[in-house]
Amino acid sequence: MAFIKIKRPELSLSDKLYIPAIFKGLWLTFKHAVKSVRGKSIGSKDLASSGLGITMQYPEQKWDEHLPEYYRGVPALVTDEQDRERCVSCQLCEFICPPKAIKIIPGEIPSDDEWAKVEKRPKEFEIDMTRCIYCGMCEEVCPEQAIYLRQDYAVTGLTREEMVNDKKRLYEIGGKRVGLVNKWNELK
Amino acid sequence: MEITFLAISAIKIFVFTFVITLPMIAYSTYAERRVSAILQDRVGPNRVGIPLTLFGGKKDWKFFGLLQPLADGLKGLLKEDFTPAHVRKNYYWIAPALTAVPAFVTVCVIPFGSEITIFGETVKLVIADIGIGPLFIFAIASLSVYGITIAGWASNSKYPFLGGVRACAQMISYEIALGLSIVPVLMVFGMLNLSDIVNEQAINGWLIFPAWGEGLTNPDTGNFNLGRWLLVIPLLISFFIFTVSIFAETNRMPFDLPECETELVGGYHTEYSSMKFALFFMGEYAAMIVGSALIVTVFFGGWSLGFGLDAKWLMDEAGNWKAYAGLVHLGAFLTKVVAFIVFFVWVRWTVPRFRYDQLMKLGWVVFFELALVNIFLTAGIMWWLAR
Ligand code: SF4
Ligand code: SF4
């Protein structure tokens with residue numbers, strides 16, 4: 001095995017003087033400034049920059065089309081393709097929710113209803129967005145695929161009450177989701 | 001005569017401090033933020049404008065965020081002015097003023113322009129045309145360290161205290177280099193009146209760039225003035241030391257040891273809030289502006305346009321300034337000062353902070369000696385030229 005002796009690099013005079021390094025640094029930042037003003041900073045294209053540096057101007061420009069499929073935004077309830085509520089108010093999500101953001105008051109489906117077999121649906125369903133931490137546990141635990149984290153992220157409100165999404169609002173955000181849900185099957 | 005003099009002085013004080021310097025301070029904070037943002041591929045404050053939508057308009061006027069300093073000032077006034085229970089009250093109150101006032105006082109000897117003639121009265125564009133300009137500035141500007149030190153001590157907690165101690169040590173070490181570095185300049189000019197120094201540079205070439213007037217032709221021989229160009233070497237060294245020392249004097253990066261956020265929270269102003277904190281801030285920026293103005297005045301021909309243009313465009317046949325010359329000069333001066341402020345900002349966002357021992361070593365071992373040697377070098381060259 002050959003031994004290679006590595007020499008400790010020695011500082012040259014120009015290194016020791018600091019001054020050339022300072023000018024190099026000034027030149028580097030200057031180059032950044034020029035590129036930044038011309039909107040050609042490194043990465044400005046990928047980051048959809050507003051034309052100055054690599055920054056996006058938020059409310060005017062949005063990152064929405066770059067949001068990944070799995071983005072965890074506002075949790076919301078979904079209906080199926082025939083606008084039936086998927087939620088059976090089993091309250092699993094209420095119990096799993098770590099910050100206790102969900103409040104459900106279950107309601108019964110009257111026995112003369114076409115879907116009396118399902119037995120329950122939520123009378124009230126509230127998610128307090130000042131508490132929610134967007135963990136996605138509710139989506140994970142739901143046996144009926146009734147609650148999903150959507151891509152909305154700009155949740156604002158002037159009062160605490162405004163920040164609580166009630167059932168109506170939740171269905172509004174959630175919209176429709178297609179896909180097989182067993183409970184609607186007469187035979188199962 | 002007396003009354004007109006007083007009135008003119010009062011007007012000059014008002015215009016130079018409140019109309020020129022104060023807005024410049026405000027806008028150098030804006031420049032600091034915008035330029036630093038551009039250097040770092042960011043955007044910086046670009047929103048605060050006139051909120052027309054509040055009054056039923058369709059769109060807000062943003063003006064590139066040019067009203068940001070006003071918003072900041074308003075914020076400073078509206079925030080709670082909190083005085084911690086453990087501070088030494090009197091000194092705690094006096095310290096911010098002690099930092100801000102000297103920086104403003106030094107404005108009075110800076111020549112902002114040559115002369116303007118209104119109603120037959122010739123007015124020099126300097127508040128106090130005294131014969132000891134640079135010395136006055138050094139004397140007053142170094143007082144601001146009391147503000148910082150007292151703030152550090154009066155806050156009665158450890159981080160401000162360390163900041164104050166550092167400020168004190170740093171100021172002392174760099175004041176010496178600052179004072180010594182300007183000696184060669186004074187040797188070359190042979191005078192201490194800043195207005196006259198600038199006048200001389202307007203006619204005979206800027207101190208470190210004498211490309212016209214006497215700089216090209218020797219008045220004695222009529223030949224190319226090699227000697228004057230030889231003097232540029234020590235003067236460049238002077239300029240370098242002077243600039244670096246001004247950086248240290250104004251506590252800006254890479255010499256912002258008294259407040260360095262990463263070690264000392266906020267340094268000497270950790271315990272301050274609202275307008276008192278803003279006063280420290282203003283003091284720092286005022287010092288930066290006066291520093292830039294001083295560098296420009298001494299080394300870059302102050303208000304002169306340069307290249308012999310002053311004599312060609314702004315003088316009548318008798319060699320007097322035209323009536324509006326002062327305004328043109330004021331513009332030239334402010335342009336140069338702004339350029340220097342941008343340079344200050346540029347350096348701040350490029351060079352990392354020195355370690356404390358490096359700072360002390362640089363001050364005492366490098367700059368002090370270099371400035372001393374430089375004086376002798378200048379003297380040697382001048383003696384050789386005079387032979
Ligand atoms: S959303 Fe899902 S987990 Fe929550 S109550 Fe309804 S069915 Fe149960
Ligand atoms: S995302 Fe997490 S915190 Fe939010 S409602 Fe669902 S379980 Fe609760």
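Here are some questions and answers on a predicted model. Residues are numbered from 1 along each chain as written, with chains lettered from A and ligands numbered from 1 in written order. Local features need pLDDT of at least 70, side-chain atom pairs count only at pLDDT 80 or more, totals for chains, interfaces and linings use all residues, and side-chain values use heavy atoms, without hydrogens and water.

Me: Is A:Cys97 buried or exposed?
Reply: Buried means under 20% relative accessible area, exposed over 50%, and partly exposed in between, using a 1.4 Å probe and protein chains only. The relative accessibility of A:Cys97 is 9%, so this residue counts as buried.

Me: How many disulfides does a search of the whole structure find?
Reply: A disulfide is a covalent bond between the sulfur atoms of two cysteines. Here a pair of cysteine sulfur atoms must lie within 2.5 Å to count. Over all chains, the number found is 0.

Me: Which residue forms a salt bridge with A:Lys167?
Reply: Side chains of opposite charge can pair when their charged atoms come close. A salt bridge needs a side-chain nitrogen of Lys or Arg within 4 Å of a carboxyl oxygen of Asp or Glu. For A:Lys167, the closest N and O atoms are 3.5 Å apart, and the partner is A:Glu85.

Me: Is B:Glu32 buried or exposed?
Reply: B:Glu32 forms a salt bridge with B:Arg348, their closest N and O atoms being 3.5 Å apart. This pair links distant parts of the chain, 316 residues apart, from helix 1 to helix 13 of chain B; helices are DSSP runs (H or I, at least four residues) and strands are E runs of at least two, numbered from the N terminus. With a relative accessibility of 4%, B:Glu32 counts as buried.

Me: Which residue forms a salt bridge with B:Asp72?
Reply: B:Asp72 is partly exposed, because its relative accessibility is 25%. The closest N and O atoms of the pair are 2.9 Å apart, and the partner is B:Arg33.
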